[in-house]
Amino acid sequence: MVSREQHDRMANAIRFLSMDAVEKANSGHPGLPMGCADIATVLFTRFLKFDPKAPHWADRDRFILSAGHGSMLLYSLLYLTGYEDMTIDDIKNFRQLGARTAGHPEYGHAAGIETTTGPLGQGIANSVGFALGERIMNAAFGNDLVDHYTYVLCGDGCLMEGVSQEAISLAGHLKLNKLIVFWDNNNISIDGPVSLADNTDQVARFQASGWNATHIDGMDPEAIAYAIEAARHSDKPTMIACKTTIGFGAPTKAGTNKAHGSPLGAEEIAGARKFFNWTDAPFEIPADILAAWREAGKAGSKPRAEWESRLAKSDKKAEFERRMDGKLLPGLDKVIADYKKKLTADKPKVATRKSSEMALEVINGFLPETIGGSADLTGSNNTKTSQTKNITPDDYGQRYVHYGIREHGMAAAMSGLTLHGGIIPYGGTFMCFTDYARPSMRLASLMGIRSIYVMTHDSIGLGEDGPTHQPIEHLAALRAIPNHNVFRPADATETAECWQLALESEKTPSTLALTRQNLPALRTEFVAENLCARGAYELASAEGGEAEVSIFATGSEVEIALGARKLLQEKGHPTRVVSVPCFELFFAQDKAYREKILGKARVKVGIEAAIRQGWDEIIGTDGIFVGMTGFGASGTIEQLYPHFGITAEAAAKAAQARLAGK
């Protein structure tokens with residue numbers, strides 16, 4: 001155990017690396033690292049199970065900096081404890097273009113960054129998935145292989161964001177007792193005192209949500225250690241409200257919003273050096289203090305080696321490593337191919353939400369790592385199968401999460417489940433509620449992780465619920481997210497293929513946009529190839545000569561496109577139909593394939609019960625778009641499609657007029 005003097009000097013190393021990096025960058029947030037250095041020092045030197053030499057060790061504890069603006073706290077810890085890809089030069093390049101040390105922690109930029117944080121509330125919401133992932137994997141593989149904690153440092157801003165309530169109420173309900181949150185209770189936000197905008201009793205709030213919660217002096221190492229020890233013996237998640245001083249040590253800015261998001265300035269840093277009796281030059285750490293930190297980093301090597309020994313002897317080793325590596329079981333191709341053969345024989349006329357359930361019944365029977373869920377719409381999203389019983393506080397060994405009406409929290413927790421490893425999560429809600437989930441969906445795309453969003457009731461086909469529940473612009477909004485695959489299958493076979501692609505997509509999250517209304521089987525002959533993998537393919541070729549019209553459509557409107565083709569063919573206009581289940585995969589194809597699929601027809605028509613945005617890249621700016629021009633309306637499915645002109649007759653008529661030069 002280190003002395004108080006040693007502790008203080010180790011904590012001050014964090015403070016001065018943070019101050020100096022922010023000063024050199026002339027940008028950043030020095031206040032949190034200065035105020036929370038004691039919390040971090042106690043956690044990393046006395047409790048956190050980690051090994052910088054094996055940063056991806058599966059049974060490490062996870063540390064999540066939810067208050068991502070305080071990124072220099074994390075970067076300092078990674079450098080001080082000896083992570084090889086966090087050097088002093090990386091610290092000096094803080095917030096510079098191309099640096100590992102971005103202004104907010106970015107997953108994948110450096111080992112030790114468990115998740116991308118910055119948008120406040122995301123980290124604490126991700127942490128619910130991390131903690132749940134630990135419990136799920138523990139139930140599957142036992143204490144010998146999975147037994148670790150998730151620690152979170154959050155600020156006032158994280159707790160003001162609405163997603164935090166979704167997260168803490170879910171964690172409390174599930175009794176995720178290995179989740180421990182430190183609240184940097186410094187009473188300061190960017191605008192000034194927190195009291196300008198909030199007076200919530202956060203301890204009472206957490207307690208009401210099923211947590212242990214207590215106040216401590218967040219700058220007293222023994223109080224911090226006692227609180228962590230108590231939390232580790234609890235049967236509930238724990239929030240430790242740590243009273244701190246933002247910018248601690250800065251002579252005139254400590255305890256004020258001036259220490260939050262701006263460099264302190266040379267004079268203020270000089271005053272802090274005097275206050276802490278820190279005589280070393282910027283970016284220099286006394287040799288004995290750096291050595292002490294490096295020893296703390298080495299402490300994890302023994303438990304990691306012991307864990308590796310247990311893994312080597314385990315009869316579950318191969319399966320554990322496969323799941324943690326994110327590799328699918330061999331044979332999925334055959335499973336999907338066999339299922340597609342059955343579909344082409346049965347030709348089911350079902351909604352694609354039902355097609356999704358049917359595909360999941362096959363997939364969940366083959367892959368044990370899929371964990372389903374829904375934001376209180378299980379029966380509507382069709383996300384539950386015979387293999388997925390409910391996960392409860394008494395049974396983490398099941399495969400279905402009832403997320404409650406928490407769309408944002410669900411998507412954020414799914415990211416944590418994915419990042420923890422060993423799990424492929426999918427979660428459902430209505431397509432229009434991607435508005436609530438989208439911030440976390442965007443971050444999953446930014447991180448490049450495999451999360452799968454099952455979004456049903458994907459158009460005006462929702463029917464009588466009316467405009468509030470009818471997504472119009474949502475497909476375009478999701479397609480606008482970089483590194484995000486949006487699948488809109490047209491029938492049961494395409495749905496199975498899209499599910500396969502989503503499962504195989506290790507670095508890109510996926511959204512499946514699925515219908516409420518029944519759709520006919522359009523793929524009636526078995527094809528071994530996954531045609532959806534190309535993003536777009538010719539479903540029906542032109543008859544009677546070169547195509548005069550090419551019709552492109554997605555999802556429920558592919559049936560309409562085939563109807564329009566029939567009408568045009570009867571009028572003597574050779575017409576082809578292209579199904580476009582995934583724009584993103586189509587645009588990623590080589591030029592020759594794209595040109596072949598787009599074709600050279602005089603008239604190009606796009607059909608989708610959504611807005612035109614994004615379609616011009618397929619049909620051209622002069623192409624005809626048959627879709628939504630405004631908000632939806634109440635009524636039956638049979639009423640709504642003709643009401644908005646999304647019909648085979650309307651598409652055929654528009655194409656004929658264009659062919660006639662009108």
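This is a predicted model: local features need pLDDT of at least 70, side-chain atom pairs count only at pLDDT 80 or more; totals for chains, interfaces and linings use all residues.
Select Asn381 and look at the tip of its side chain: 3.2 Å away sits the backbone nitrogen of Thr429. Numbering runs from 1 along each chain as its sequence is written, and side-chain values use heavy atoms, with hydrogens and water left out.

Asn381 lies in helix H16, residues 378-381. Helices here are DSSP runs of H or I, at least four residues, numbered from the N terminus. Is Asn381 buried or exposed? With a relative accessible area of 0%, Asn381 is buried (under 20%; exposed is over 50%, partly exposed in between, with a 1.4 Å probe and protein chains only). Show its contacts (heavy atoms within 4.5 Å): leaving out residues up to four places away in sequence, they include Arg353, Phe430 and Val454.

Among the buried residues of H15 are Arg353, Leu360 and Ile363.

Now select Tyr151. Tyr151 and Phe182 have the most contacts inside the largest nonpolar core, a set of 136 residues (buried Ala, Val, Leu, Ile, Met, Phe, Trp, Tyr and Cys joined through side-chain atoms within 4.5 Å). Apart from that core lies another, of 41 residues, with Leu360 and Ile424 among them.

Next, Arg46 in helix H2, residues 31-47. Arg46 counts as partly exposed, at 29% relative accessibility. Its side chain makes a polar contact of 2.8 Å with that of Glu222.

Last stop, the largest pocket, with about 850 Å³ of space. A pocket is an open set of points on a 1 Å grid over the protein atoms alone, with protein on both sides within 12 Å along at least five of seven lines; lining residues have an atom within 4 Å of a point. Points are joined across faces, edges and corners, and the volume is the space filled by probe spheres set on them. Of the 36 lining residues, select Tyr107, Met324, Thr418, Leu419 and Gly421, which lie nearest the centre. H13 gives the largest share of the lining, five residues.

Key. Helices (H or I, at least four residues) and strands (E, at least two) are DSSP runs, numbered from the N terminus. A polar contact is a pair of N or O atoms within 3.5 Å; within protein, one must be able to donate a hydrogen and the other to accept it, and residues adjacent in sequence count only if both atoms are side-chain atoms. On a 1 Å grid over the protein atoms alone, a cavity is a set of points where a 1.4 Å probe fits but cannot get out, and a pocket is an open set with protein on both sides within 12 Å along at least five of seven lines; lining residues have an atom within 4 Å of a point.
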